[in-house]
Amino acid sequence: MPQQGQRGPGRPRDADMEARVYDAVLEVYWETSWRGFTFDAVARRAKVGRSALYRRWDTKEALLVQALEARSPLSTPIDTGSVRGDLLELSAQLDRGYTELAGLVSLRVTLDAMVNPDLLSHLTDTLNQSRLVTARNIVERAVERGELPAGTSTTLLLELVTGAVLTHALFSQAHAGPVKPNGPAHSVLIVDTVLRSMA
């Protein structure tokens, strides 16, 4: 966990600094990836002194971890009462998340972790854990209600849903302009296809 710096006597706390730093972390990482991600670059983008960053975060790894944990599109608890409703909500959450910079940066970090596993594997584990827990709960409830067969693979179900949503986000990055969410109709198509395959 990052260490919180102490205020000097008489110096007012910059209440907006953390938000500016998190924004800067995402922007710098998206533009430069791991190799160009430095305290200097983040400090310049956030318009804060480099010493202010060092007082709060010991390393750039800790800074990146906290920024993404604070901003990434981690799935919130889902329980709509049916497996179809749950998966539609999961798809919608992921869809919204991958259209935002934090979601796209989390994808880039995942790729960089393949090259720098010692530095970034903890972060990818943290980001993935929330989605896995959400999917596991969805599957367990669906099996109890008889909507999915016993032994349904949580990992496979999550891969099928997230893979379809992620493909849209990745291919959309090849075009100019902001990425737009797929919308409800696409989520319905994904979920109904997945449920037919898992039945």
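I take buried to mean under 20% relative accessible area, exposed to mean over 50%, and partly exposed to cover what lies in between, with a 1.4 Å probe and protein chains only.

**Entry 1: the model and its confidence**

I am working from a predicted model, in which local features need a pLDDT of at least 70, side-chain atom pairs count only at pLDDT 80 or more, and totals for chains, interfaces and linings use all residues. I number residues from 1 along each chain as its sequence is written, and side-chain values use heavy atoms, with hydrogens and water left out.

I looked up the pLDDT (the predictor's confidence in each residue, from 0 to 100) and found a chain average of 83, with 84% of the residues scoring at least 70. Confidence is highest in helix α2 (residues 39-46), at a mean of 96, and lowest in helix α7 (residues 117-145), at 82; I take helices as DSSP runs (H or I, at least four residues; strands are E, at least two), numbered from the N terminus. Over residues 1-8 the pLDDT stays under 50, and for these residues the model has 14 contacts (heavy atoms within 4.5 Å) beyond four places in sequence.

**Entry 2: salt bridges**

I counted a salt bridge wherever a side-chain nitrogen of Lys or Arg lies within 4 Å of a carboxyl oxygen of Asp or Glu, and by this rule the count comes to 10.

One of them joins the side chains of E18 and R56, at 2.7 Å from N to O. Because E18 lies in helix α1 (residues 17-36) and R56 in helix α3 (residues 50-56), the pair ties together parts that are 38 residues apart in sequence. I noted that E18 is partly exposed at 30% relative accessibility, whereas R56 is buried at 8%.

The side chains of R45 and E31 also meet in a salt bridge, at 2.8 Å from N to O. This pair links distant parts of the chain, with R45 in helix α2 and E31 in helix α1, 14 residues apart. R45 is partly exposed, at 35% relative accessibility.

I then looked up R141 and D79, whose side chains form a salt bridge at 3.4 Å from N to O. R141 is in helix α7 and D79 in the loop between α4 (60-71) and α5 (83-97), so that this pair, too, links distant parts of the chain, 62 residues apart. R141 counts as buried at 18% relative accessibility, while D79 counts as exposed at 52%. Salt bridges that share partners join E27, E31 and R45 into one network.

**Entry 3: nonpolar cores**

I defined a nonpolar core as a set of buried Ala, Val, Leu, Ile, Met, Phe, Trp, Tyr and Cys residues joined through side-chain atoms within 4.5 Å. The largest has 30 residues, and V21, F37, V42 and L64 are those with the most contacts inside it. Elements α1, α2, α3, α4, α6 and α7 each give two or more residues to this core, and the largest share, nine residues, comes from α1.

Leaving aside neighbours within four places in sequence, I found V42 in contact with V21, A24, V25, V28, F37, L53 and L63. A second, separate core of 23 residues includes L90, L104, I138 and L148.

**Entry 4: a surface patch**

On the surface, L111, M114 and V115 form a nonpolar patch with about 380 Å² of accessible area together. M114 is in helix α6 (residues 101-115) and is exposed, with a relative accessible area of 67%. For patches I used residues with over 30% relative accessible area and no salt bridge, joining like charges within 9 Å and nonpolar side chains (Val, Leu, Ile, Met, Phe, Trp, Tyr) within 5 Å. Accessible areas come from the Shrake-Rupley method with a 1.4 Å probe, and for residues only the protein chains shown count as cover.
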